[in-house]
Amino acid sequence: MIKSENIAGSMDRFFISKIRYIFQNYAVALVLIAIVILVSLYSHSFLTIQNFDNILKQISVIGILSCGMTLVIISGGIDLSVGSIVSLAGVIVINQVNTMGVLPAIIVTLGTGALLGAISGLILAKIKGRLGEAFIITFGMMSVIASLTMIYSGGIFQQGSGTGLFGKIGLGVAPVIIFIVIIVITQFLLTNTPLGRVIYFLGGNIEATSMSGINVSFYRVMVFTLNGITAAAAAIVLTSRVGAASPAAGTGYELDAIAAVVVGGVSLSGGRGSMINTVLGVVVMGVLGNALNIMNISSYPQNIIKGIIIILAVGIDIWNKNRQWKV
Amino acid sequence: MHEFALEMMDITKVFPGVKALDKVNFNVKKGEVHALVGENGAGKSTLMKILDGVYSSYDGEIRINGEKVLLRDTNDAKKNGISLIFQEFNLIPSLSVAENIYLGRLESNKLGVLNWKRIKESAADLFQALGFNISADAIVENLSIAEKQMVEIAKALSINARIIIMDEPTAALTQSEILKLFKIIRELKCKGVTIIYISHRLEEIFEITDTTTVLRDGQIIDTVKTCNTSKAEIIEKMVGRSIDREFPVCQKEIGETILEVKDLIRKDVLKEINFNLRAGEILGISGLVGSGRTELARTIFGADAVDSGELKIKNKVVRIYSTLQGKKNSVALVPEDRKDQGLVVNFSVLLNMTICNLKKVTFKNLILNKRKEKLVCGEYIKKLGVKTPSMQQKCINLSGGNQQKIVLAKWLFADADILILDEPTRGIDVGAKFEIYLLMHEMVKTGKSIIMISSELPEVIGMSDRILVMSEGKVKGCFEKKDINPELIMKAAIG
Ligand SMILES: Nc1ncnc2c1ncn2[C@@H]1O[C@H](COP(=O)(O)OP(=O)(O)OP(=O)(O)O)[C@@H](O)[C@H]1O
Ligand SMILES: [Mg+2]
């Protein structure tokens, strides 16, 4: 008697765990499908090629930003300064294109991004900070960089000099292609290189990684440097598309990027996730934003909805983590 | 009155890919100390975790004092008077010792304000009664592994349990603390408390237990009165064959000095350490908990900074200021704390195996060669006899002893000339211990050197060519193989 009861019980548990598994791993995809179905019932202009094209272009900039952020978050960190790097890199690139030509300007801009990222990484590595310290330090960096941008630009809108070669970067499908290339590179880096392996280990257990004879400081600086570079790359695409740079262009971008990464299922506590998660997250957040626009929902309620989604995503992540302890 | 304090009937527990327990019948009489022994991965911890409500899904029935009980979570277990000392510690690193001990049952007054003074006092009283020298205010993450173990013991004893389960409580302790623990066990037994005692150190079984149950591959092999059996008999039941010698003999040559440590100082922990290590030598380091053995190992490896002193490796003065430097100078350290320092427990066996020597599994240092990684991992799993359903299994799901084997394996793969082992056989069963000793001999035969820190005196004596005894951060004596005897070492260790 007792036996059969138990077996029935374990069957139940089996199905529950299966459903949970699907829910955990594909929750975001399910949300995406739900949004698409609901909104396409509501509006005919939603499920059109033109709108699809639109969404892709809209998500490229945040998407590129999210690639670097994925590395940082998997390594157990966070970077709030990327939005301000986008602003600074934007005004730098537009000015330098005007004075020194396209390629040198791009190199200088990417270099600036790398340097700023490296500084955050270096401070964090030196003080052996964890996630909490990363929040505070990069928050400080955000303020410093935003002020630098204001000083450098004089606080005014920077106009580009017509279209030219630089304008092509943000034109048509180019941003989407750049986004895809960066996705592929990042994913390859994560799964197929020693650097990627160490990034996971940093997020998994930094102490054990250090005790494995690995120079954790070096790798932490590397991660933040790469993140700075992708932030600068995002700025270049954005600036090229707009044809001008506002010294506040990237304000709030860091939250959009972090949201996309976390909603996609990359764990904020580090060590877990991949570019597949991030791409899913970027697409979901992009489609959601677009859908809300189509439904004429203004930006304040939009932000409330986005905020709730982020909190839910973090909640699910913590719930998953706690569940691991119980079998 | 019912004869048995505990009856576990037809317990079966299946994990994905592993049948950890197969129709286990385990009965424990009231007021006895009952030993549970078996190889790594036999299912001992799993059986005990079921009893503590950690695993709520299993088949079978549990009775306490003859009454059927349901143990769905740790609270159920507590209510039934069961308390478990975890093999893999279950403490919260960022909290103080007192908080950890009374977590989940912190007393507060009517306003919900905690009486910190009372909590601290009762923790301090507890340590006093146990004879453990730990401050109730200390933060757990700053404690050594032995101290963490003592906190675990105190925590389990602070609940007035009727059945106390001790899962390898002595694996991280030295002789003097073990004696204190045994005293406590005897006192508890006088009070009628039932104790289940798991250990891989068979001498302890004979010293402290009344009955012994042997578990092998998830099945009960036998339950006997401890006084009616022998060590050899138990080993044979455990591993299915007899082991006639505890330590293998080794023919080898000891060569030139490979490592020289001169006047090494680290403020407050290491005081003018001098010694050398020769090629092909096994140098044992003995001493009490807190004598500076682990700190010395960490300093040589580069995990901690030196304040002054000189290190010479292969006749060259080296500065080792990071673990990477240590690795580059061919020094490896297998740390004592496998859960926090040895492994990323949430990652797979495969990932943990190659992390110390990623270079060796790449194409031109740039791209990971995943096929080679798997080959390497498979090779070391076989070499050390790691019990795991697959390479993809997360380390946290392996038994304690098997986790320890992975820590050893990952550093063996790093292929260093100077291997420092900090309690290498902690939690490893007799059969596997012998295999590890053979591996150590294989290494020194090829001219490599080993520094072995161990709290198990027989092990240090059985394996070392020379023994360094440390006390209070100083080297208190150095004994050649021919002069080694236990009394001398104990005397030097006490200082
Ligand atoms: N959470 C889990 N998930 C999957 N498998 C597990 C889990 N816990 C234990 N196992 C497996 O169950 C078996 C028994 O493990 P258990 O920890 O009970 O061994 P043990 O007898 O305590 O060994 P040791 O002496 O090494 O501590 C092992 O093969 C182990 O890999
Ligand atoms: Mg165990």
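**Entry 1: the model**
I kept in mind that this is a predicted model.

**Entry 2: who sits around ligand 1**
I began with the shell around ligand 1 and found 21 residues there. B:Lys44, B:Ser45, B:Thr46, B:Ser399 and B:Gly401 come nearest. Sorting the shell by class gave me twelve polar, six nonpolar and three charged residues.

Next I looked up some N and O atom pairs. An oxygen atom of ligand 1 is 2.7 Å from a backbone N or O atom of B:Gly401. With B:His200 I was looking at the side chain: one of its N or O atoms is 2.8 Å from an oxygen atom of ligand 1. For B:Asn397, a backbone N or O atom lies 3.1 Å from a nitrogen atom of the ligand.

**Entry 3: where the shell comes from**
Which elements of chain B give two or more residues to the shell around ligand 1? I noted β2 (18-29), α1 (44-51) and α14 (400-414). The most comes from α1(B), which gives three residues. I also looked at domains: domain 1 (4-239) and domain 2 (257-493) of chain B each supply at least three residues to the shell.

**Entry 4: the second largest pocket**
I moved on to empty space. Rolling a probe the size of a water molecule over the atoms shows where such space is left. The second largest pocket has a volume of about 680 Å³. I found 24 residues lining this pocket, and the closest to its centre are A:Lys128, A:Ser210, A:Val216, A:Ser217 and B:Ala303. The elements giving two or more residues to the lining are α4 (102-126), α8 (206-210) and α9 (216-242) of chain A, plus α10 (323-328) of chain B. How many residues of each class are in this lining? I wrote down ten nonpolar, seven polar and seven charged.

How values were computed:
Residues numbered from 1 in each chain as written. Chains lettered and ligands numbered in written order. Predicted model: local features only at pLDDT ≥ 70, side-chain atom pairs only at ≥ 80, totals over all residues. Heavy atoms only, no water. 1 Å grid on protein atoms, 1.4 Å probe; cavity = no way out; pocket = protein on both sides within 12 Å on 5 of 7 lines; lining within 4 Å. Points joined across faces, edges and corners; volume = space filled by probe spheres on them. Helix = DSSP H or I, 4+ residues; strand = E, 2+ residues; numbered from the N terminus. Nonpolar A, V, L, I, M, F, W, Y, C, P; charged D, E, K, R; others polar. Near = heavy atom within 4 Å. Polar contact = N/O pair within 3.5 Å; in protein donor to acceptor, adjacent residues only side chain to side chain. Domains from an automatic or database assignment.
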